[in-house]
Amino acid sequence: MKIKTLIKENSSKSRDPYVLYFNNLYYYCFSRDDKIYLSVSKELDSIEEKEEIIVYDNEEGLKNLWAPELHVINDKCYIYVACDDGNNKNHRMYVLYNNSNDPLKKYKNKGIISDVSNKWAIDGTILNYKNELYFIWSGCDKNIHYKQEIFIAKMANPFEIASEKVLLSTPEYDWEKQGGDGVKLAFVNEGPAVLEINEKVYLIYSASGCWCKDYCLGVLELIGVNPLSKSSWKKHDKPIFSSTENIIGPGHCSFVTNDNRKTYIVFHSFNSKNNLNLENVNARYLKLNFNNNCKLTY
């Protein structure tokens with residue numbers, strides 16, 4: 001398992017890394033100081049050296065911008081990002097747009113994207129399945145923030161959700177509950193990321209607290225025909241990627257496939273088992289391989 005460092009700097013740039021491959025270029029999307037940046041490169045391993053371009057200035061004064069994701073839908077660019085008004089209990093998903101197919105043009109804020117319940121939400125991502133759009137995110141179904149779960153809903157368009165949400169995953173295994181107590185510290189499923197390989201669809205998500213060494217990646221596999229049915233998803237009972245001797249607390253990943261059909265997982269992990277602080281993480285990546293049964297290997 002050959003792991004390379006993508007972002008060496010210990011900062012918000014290293015957390016929750018998201019990379020999109022589009023028009024033969026890698027785009028690295030990240031937030032810093034409540035603004036959103038893109039870096040662009042022809043090679044994945046040189047992206048840290050490239051210019052950081054502000055694409056969203058946040059004139060609205062939103063706070064705590066977390067885990068932005070860049071998506072190109074029907075040849076138009078969108079960024080989905082979690083933010084609030086300075087109070088974490090008000091975190092919601094927002095959608096930004098720039099009315100073009102150029103990711104580097106400035107974005108405007110369309111506002112909150114939510115199902116009718118309008119509950120706490122972060123880490124929104126897109127599944128484009130059989131020409132239908134679905135929004136997948138991590139949220140809390142209760143007013144008390146004691147458990148983060150993974151939800152899905154159908155979209156009417158890139159700005160609007162058109163169905164009720166469906167629960168896909170809740171923390172149930174011990175490896176999904178580390179670092180939390182379900183009272184003051186939440187049990188966590190978060191950071192959903194879509195992976196499509198050989199006509200199979202996987203949803204890789206982060207489990208346990210991002211503040212602990214047991215942060216890891218779990219898997220939901222689409223085995224049915226309707227993504228809005230929980231029975232269409234098979235949840236694996238073991239994590240697919242967890243701490244090793246050298247990689248501590250791997251989580252919050254994205255996947256990027258280039259024109260040569262090479263697929264990489266991009267993730268963050270702690271630099272030391274003795275300093276489990278989110279200021280002490282780096283973004284890293286490794287190439288994925290698959291066996292004849294489409295099982296992930298490293």
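How many disulfides does a search of the whole structure find? The search finds zero, a disulfide being defined as a pair of cysteine sulfur atoms within 2.5 Å. The structure is a predicted model, in which local features need pLDDT of at least 70 and side-chain atom pairs count only at pLDDT 80 or more, while totals for chains, interfaces and linings use all residues. Residues are numbered from 1 along each chain as its sequence is written, and side-chain values use heavy atoms, with hydrogens and water left out.

A disulfide is a covalent bond between the sulfur atoms of two cysteines. For C212, the closest cysteine sulfur is that of C210, and the separation of 8.2 Å is too far for a bond. For C216, the closest cysteine sulfur belongs to C212, at 8.4 Å, which is again too far for a bond. C212 counts as buried because its relative accessibility is 9%, and C216 counts as buried at 2%; here buried means under 20% relative accessible area, exposed means over 50%, and partly exposed lies in between, with a 1.4 Å probe and protein chains only.

Strand β11, residues 132-139, is mostly covered, with seven of its eight residues buried. Helices (H or I, at least four residues) and strands (E, at least two) are DSSP runs numbered from the N terminus, and two strands pair if DSSP finds at least two bridges between them.

The largest nonpolar core holds 20 residues, of which Y80, M93, I113, I126, F135, W137 and M155 touch the most other members. The elements giving two or more residues to this core are β7 (76-84), β8 (92-97), β10, β11 and β12. Such a core is a set of buried Ala, Val, Leu, Ile, Met, Phe, Trp, Tyr and Cys residues joined through side-chain atoms within 4.5 Å. When its neighbours within four places in sequence are left aside, I126 is in contact (heavy atoms within 4.5 Å) with H71, I73, Y80, L133, Y134, F135, M155 and V194. Another core, of 19 residues, lies apart from the largest one and has L70, C77, I79 and Y107 among its members.

The structure holds eleven aromatic pairs. Rings of Phe, Tyr and Trp (its six-membered ring) pair if their centres lie within 6.5 Å, with planes under 30 degrees apart counted as stacked, over 60 as edge-to-face and the rest as tilted. The pair of Y173 and W175 is stacked, at 5.8 Å centre to centre and 5 degrees between the planes; Y173 counts as partly exposed at 27% relative accessibility, whereas W175 is buried, with a relative accessible area of 15%. The pair of Y264 and Y285 is edge-to-face because its planes stand at 75 degrees, with the ring centres 5.7 Å apart. This pair links distant parts of the chain, with Y264 in strand β20 (residues 263-270) and Y285 in strand β21 (residues 281-287), 21 residues apart. Ring pairs also link Y80, F135, W137 and F151 into a cluster.
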